[in-house]
Amino acid sequence: MAKVLLVTGHSYQDYSVANKEIVKQLTEAIPGVEVDNLAELYPDFKIDVQAEQQKLLQADIIIVQSPLFWYSMSALTMRWWEETFAHGWAYGSTGTALKGKKIIFGITAGAPTEIYQGGNLGITDQDILNRFKVSAVFCNMEYLGGVFTGGLLNAGSGHLSEAAARAVQEHVDKIVKLIR
């Protein structure tokens with residue numbers, strides 16, 4: 001059985017409803033998944049690079065689950081990527097540590113998915129996922145796919161609406177399907 005590492009790092013974890021539920025459901029759906037919650041481990045943004053690299057080395061499949069912030073991953077997740085995926089380790093002439101590792105990106109947004117699908121913002125959901133794909137491929141990783149789900153803005157109730165709960169379930173189902 002493949003060893004799966006789920007990396008998440010919500011900038012506003014205490015207020016997250018959808019991403020918390022996605023992580024919870026992925027934990028239930030994927031036997032033995034290791035959750036690497038960057039917000040809990042590194043609230044000061046001081047990444048333990050060696051520890052994170054070891055987690056990546058031990059994993060067969062990496063899932064990066066992040067909300068969309070300014071058309072990228074959350075700041076903490078991006079910081080983790082920038083520091084952990086170091087030159088000479090993850091890429092470059094001697095950077096082969098992640099070669100052949102499989103990766104999936106799960107991205108959530110507050111705005112409806114249709115806004116991104118239509119390109120009304122000058123960028124589509126696929127453009128956003130492709131940016132992550134290029135980074136993974138640059139590190140010689142196997143990109144299994146990405147899941148982009150919009151319409152998950154936290155309205156402050158602390159609970160998912162019925163529509164958001166369905167969207168979360170579909171998001172999780174798509175990620176699980178990419179693994180199998």
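This is a predicted model: local features need pLDDT of at least 70, side-chain atom pairs count only at pLDDT 80 or more; totals for chains, interfaces and linings use all residues.

Let us begin with the inside. The largest nonpolar core has 32 residues, and Trp80, Phe85 and Phe105 touch the most other members. At least two residues of this core come from each of β1 (4-8), α2, β3, α4, β4 and α6 (125-138). Helix α6 gives the largest share, four residues. To see one member in its surroundings, find Phe105: leaving aside residues up to four places away in sequence, its contacts include Val64, Met73, Trp81, Leu129, Phe132 and Tyr143.

A second core of 19 residues is separate, and Ala18, Ile63, Ala164 and Ile175 are among its members. In general, nonpolar side chains tend to be buried together in soluble globular proteins.

Next comes helix α7, residues 162-179. Its 18 residues reach 26 Å from the first C-alpha to the last, close to the 26 Å expected at 1.5 Å a residue. Which residues of α7 are buried? They are Ala164, Ala167, Val168, His171, Val172, Ile175 and Val176. Among the elements covering these buried residues are α1 (18-29), β3, β4 (102-108) and β5 (142-149).

Most residues other than glycine have a negative phi. Phe45 is not a glycine, yet its phi is positive, and Tyr71 likewise has a positive phi without being a glycine.

Conventions
Residues are numbered from 1 along each chain as its sequence is written. Side-chain values use heavy atoms; hydrogens and water are left out. The expected span of a helix is 1.5 Å times one less than its number of residues. Buried means under 20% relative accessible area, exposed over 50%, partly exposed in between (1.4 Å probe, protein chains only). Contact means heavy atoms within 4.5 Å. A nonpolar core is a set of buried Ala, Val, Leu, Ile, Met, Phe, Trp, Tyr and Cys residues joined through side-chain atoms within 4.5 Å.
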